Amino acid sequence: INPFLLRRTKEEVAPELPPVTETSVFCTMTEEQQSIYEAEKSKVRNSILEKFDSEGVKNSSVLVLRALMLLRQLANHPRMINSNSDAASGKFAEVTESLGTILSENHKVLVFSSFVRHLKLLEEFCLASGFKYAMLTGATTNREKVINSFKRKSDIQLFLISLKAGGVGLNLTEAEYVFILDPWWNPAAELQALNRAHRIGQDKKVFVYRFITKDTVEEKIVQLQQRKRDLADLFVTSDSTIAGMTQDEILAIFT
């Protein structure tokens with residue numbers, strides 16, 4: 001007797017689910033943010049080139065991943081790498097403006113980020129703007145209480161969630177909007193975030209907004225994903241993923 005596996009999609013299991021509208025929002029950096037980004041990009045690219053020359057691509061993966069993480073954070077907000085920075089963020093302005101509009105219309109929103117620091121910046125915005133919110137990260141101790149406050153209290157319209165803490169196991173069909181603040185290179189993780197709201201029990205249309213900063217590593221990785229799906233888990237796998245890329249492919253991300 002051999003095992004029999006049947007894969008069923010969400011569309012097959014729950015055909016009654018309302019549609020999902022997905023939108024990519026391309027954000028422009030502020031001048032100061034772009035200046036900081038370009039300076040750091042130049043530094044890390046030179047470091048990577050030197051490392052390639054001395055130790056080769058395979059032994060340079062840690063440096064490459066560290067550089068990509070730095071540029072990802074700068075693409076979100078300069079304050080993510082320098083809390084004392086006065087530089088503004090084009091993406092942050094876009095996100096907060098969109099949130100203000102949606103919350104004023106009494107909708108509930110899930111905001112996902114892979115960076116807790118990014119969520120903390122949004123928390124500051126909420127406190128300054130008078131928006132009530134719930135936040136779930138790996139440091140949250142009263143998880144159920146936080147989740148129920150969002151689900152049951154009509155005045156708490158915003159739920160800030162870190163990917164690791166809330167990517168799976170949550171049923172948040174009270175929300176109609178899902179904001180994905182930074183692209184995740186593993187599409188399955190991004191899909192899990194969407195599925196917190198778009199699941200059995202949802203009777204409203206769900207709108208998903210992905211925020212991508214133009215002319216940064218975010219945009220380049222999204223473009224690379226379309227041509228080479230093997231890069232999807234670039235940031236969450238071991239050295240083997242980097243080793244599987246050519247030197248030209250890696251350097252193209254930093255140009």
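Helices (H or I, at least four residues) and strands (E, at least two) are DSSP runs, numbered from the N terminus. The structure is a predicted model, in which local features need pLDDT of at least 70, side-chain atom pairs count only at pLDDT 80 or more, and totals for chains, interfaces and linings use all residues. Residues are numbered from 1 along each chain as its sequence is written, and side-chain values use heavy atoms, with hydrogens and water left out.

Asn106 is exposed, its relative accessible area being 61%; exposed means over 50%, buried under 20%, and partly exposed in between (1.4 Å probe, protein chains only).

Helix H6 spans residues 143-152, and Val146, Ile147, Ser149 and Phe150 are buried within it. Viewed down the axis of H6, these buried residues fall within an arc of 155° and so line one face of the helix; the arc is that of the directions from the helix axis to the C-beta atoms. Glu144, Lys145 and Arg152, on the other side of H6, are exposed. Strands S2 (109-113), S3 (133-136) and S4 (158-162) are those against which the buried residues of H6 pack, contact meaning heavy atoms within 4.5 Å.

Ala75 belongs to helix H3 (residues 61-76) and is buried, at 0% relative accessibility. Beyond its neighbours within four places in sequence, Ala75 is in contact with Gln33, Tyr37, Lys91, Thr213, Thr216 and Glu218. The C-alpha atoms of Ala75 and Glu218 are separated by 7.4 Å, although the two residues are 143 residues apart along the chain.
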